[in-house]
Amino acid sequence: MTTERVAFRTCPLCEAGCGLEISVNGSEVVRIRGDMNDVFSKGYICPKGSTLKQLHEDPDRLRQPLLKRDGRHVEVSWDEAWEAVNSGLTEVINKHGRESIGAYLGNPGAHNLAAMTFNRVLLTAIGSRQRFSASSVDQVPKQVSAGFMFGTPVSVPVPDLDRTDYLLMLGANPYASNGSLATAPDWPGRLEAIRARGGKIVVVDPRRSRTAESADEWLAIRPGADALLLAAMIATVFESGRAEPGDHLASHINGLEDVHQALAEFTPERVEKQVGIDAATIRRIAIELCDAHRAAVYGRIGTTTVSFGTTASWLVDVLNVVTGNLDKEGGAMFPLPVAASPTTRGKKGIGKGFKTGRGKTRVRGFPEALGEYPAALMAEEISTPGAGQIRAMVVVGGNPLLSTPNSDQLVAAFESLDFMVSVDIYLNETSRHADVILPPPSHLYRSHYDLALLNFGLRSVANYSEPVFELPPGVPDEWEILARLAGIAQGLGADANPVAVDEVTIRSLVESAVRDDTCVIAGRNPDEIYEALSSPANGSLRGPDRILDLLLRIGPFGEGFGANPDGVSVAMLKRHPHGVDYGALVPRIPEVLRTPSGKIELAPPELLADVPRLRDSLSADPEQVLLVGRRHLRSNNSWMHNIRVLVKGKPRCTLHIHPDDAARLGVIDGAPVRVTSRVGSVVAPAKITDGIRPRVVSLPHGWGHSQPGTRQSVAREFAGVNSNVLTDHEEIDPLSGNAVLNGIPVSLSSVATA
Ligand code: SF4
């Protein structure tokens with residue numbers, strides 16, 4: 001007989017990181033609900049959180065490796081799978097060299113402790129510069145602008161939601177996404193609290209999203225024009241004589257006058273036609289921002305996945321600075337993550353700064369950013385012959401054939417590969433091309449700590465989750481899969497030992513920490529630190545948990561290997577299953593800076609150099625029909641579509657279209673509409689709504705599950721169409737390499753139905 005027990009765990013599905021209370025009976029999940037005692041989420045969850053149960057039980061979720069034989073995927077033993085990986089990768093490396101191996105890391109890895117600690121080990125072992133990830137269809141522009149301005153790509157200011165009086169949000173829909181690059185559970189509740197205390201929320205979005213509906217004001221911008229709007233607001237602030245960063249920043253800024261000079265020409269009157277918001281409104285919002293006691297400007301996916309992604313991201317923070325709201329309570333503040341991060345390591349207040357372009361793509365010489373090349377250029381790197389051509393791909397937790405630009409081109413490229421291995425829980429639109437699929441165990445078998453996203457936390461919170469279930473015998477943990485793959489890539493053979501890879505990894509991290517003069521364990525004996533981490537007294541930690549323990553203990557609240565006995569460690573967090581809250585955001589200028597000057601670089605040359613292109617954009621045709629994406633609370637990019645409870649109901653993959661445009665086309669609600677871009681064409685049912693600007697249409701991303709050879713029976717039932725058939729691989733933000741997924745020029749036509 002088994003008895004019911006309760007496990008506490010942080011939800012790994014999105015950045016909000018809500019606490020879950022999971023009731024289990026033996027190996028069964030009985031129910032999942034919000035953890036009322038979680039220090040950050042206090043019981044809040046969204047509809048996805050409880051579906052970890054369905055995900056765990058999903059019969060389509062892979063439990064055994066798959067090998068492609070005669071064009072079909074068949075289940076094989078782990079030994080057989082590793083043999084196939086070893087021979088496939090080794091053959092390509094021996095024939096064509098390491099540069100012929102490409103790697104793509106998907107978005108779920110950012111929410112995954114094993115991936116956060118061992119993906120880098122894998123990439124290093126592969127030894128190729130052909131690295132791609134979901135970052136370049138998402139947030140990399142914000143990281144690039146933060147790097148140039150503040151010194152590291154994780155120095156991203158976040159809106160201090162819980163204390164602000166005025167929030168200007170551009171291209172963000174936290175009612176659907178739960179917030180992003182600004183980690184906090186229950187964004188909707190936090191936004192409602194702003195209004196309840198008399199504050200104001202203004203949402204800038206081509207669509208009247210759920211977030212816009214709940215705001216005080218919705219400004220229906222033309223897609224892709226955020227940088228122009230922000231430039232005009234900044235010009236207004238200077239012109240009105242109100243540009244005042246505040247005493248707290250006065251001696252820590254370079255380039256204030258340079259920004260003034262560069263942006264003065266972008267008056268509201270000059271940009272209003274392109275932006276689609278009248279000049280008087282632009283001026284009014286700019287002045288409201290200046291006058292608000294505590295205000296924050298926050299830009300997200302709609303500002304980064306556009307042609308001016310990095311420039312718009314830069315201008316968000318310039319506006320925060322010139323209105324006196326950077327690094328101020330209730331303004332835009334720098335998080336203080338609990339685990340050691342680039343903003344808490346090294347010398348305080350100064351650093352090497354940030355660079356892009358340390359490598360260039362083979363085919364068109366596009367510069368790297370954050371050690372990666374643009375996902376939009378992956379297809380040409382695979383398809384274009386010559387030295388360094390990608391012949392094999394390693395894909396970890398990603399579905400780029402649905403989530404990156406010009407899917408048809410990328411499908412053809414993947415079909416030409418000599419070898420491919422996917423680490424994935426599903427046989428999906430991308431992994432169907434793999435020769436071998438290595439499935440990690442369900443989330444409930446793994447430990448968890450949000451190592452990446454807590455870098456953007458609205459509070460300094462630490463929350464460690466132990467596995468809910470013990471792994472069944474013979475099933476490797478996710479980190480063991482990644483470590484063994486790394487060993488094979490390194491040339492250690494099919495039986496490469498993940499434990500040995502783990503040992504080398506932790507030893508090298510410890511060595512680096514004790515060599516760092518600024519680290520709390522500087523100069524200590526590395527063997528002693530290694531023992532303290534690995535000993536039975538410390539729980540015999542291994543793999544990601546041991547790496548996490550090191551990062552926690554040398555972090556700003558860390559136990560410091562004896563220096564601060566009450567400080568944080570994995571052992572301490574195990575005693576606090578609801579997490580530990582180290583408090584609200586605190587001012588961090590100047591210690592947070594890692595620029596060579598030790599100042600905020602308000603006018604980085606790389607960004608000033610983009611101003612002429614911004615000027616040129618004023619001549620674009622304001623009547624062109626543009627496509628934007630959208631997200632739904634029950635969706636999570638291209639995955640979670642195999643969970644029936646999340647996808648059932650009215651079809652969601654519809655084309656939102658304004659009544660005027662529908663009338664011009666002669667289509668009625670539900671009628672099929674053909675959408676055609678430079679690179680492709682799809683047909684989707686119309687959803688006529690006045691919640692979108694005229695001459696803008698919207699399709700959600702992540703759909704298109706009708707490809708042959710997949711094993712996602714529910715997703716196939718609710719297939720929808722793939723919006724990335726329409727996105728253009730040639731349209732890239734030149735500063736970051738991010739794809740343009742919003743503001744795609746399209747034409748529309750009605751489709752005759754029989
Ligand atoms: S908001 Fe995000 S973290 Fe919270 S329950 Fe939903 S999916 Fe999970």
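Both F150 and F334 are buried, where buried means under 20% relative accessible area with a 1.4 Å probe and protein chains only, exposed means over 50%, and partly exposed lies in between. The model is predicted, so local features need pLDDT of at least 70 and side-chain atom pairs count only at pLDDT 80 or more, while totals for chains, interfaces and linings use all residues. Residues are numbered from 1 along each chain as its sequence is written, and side-chain values use heavy atoms, with hydrogens and water left out.

The structure holds eight aromatic pairs (Phe, Tyr or Trp rings, the six-membered one for Trp, with centres within 6.5 Å; stacked under 30 degrees between planes, edge-to-face over 60, tilted for the rest). One of them joins F150 and F334 edge-to-face, at 4.9 Å centre to centre and 80 degrees between the planes. F150 belongs to helix α4 (residues 140–150) and F334 to the loop between β14 (332–333) and α15 (378–383), so the pair ties together parts 184 residues apart in sequence. Helices here are DSSP runs of H or I with at least four residues, and strands are E runs of at least two, numbered from the N terminus.

Charges also meet rings (NZ of Lys or CZ of Arg within 6 Å of the ring centre and within 35 degrees of the ring normal). R553 lies over the face of F561, 4.0 Å from the ring centre, and the charged end of R613 sits over the ring of F308, 3.9 Å from its centre.
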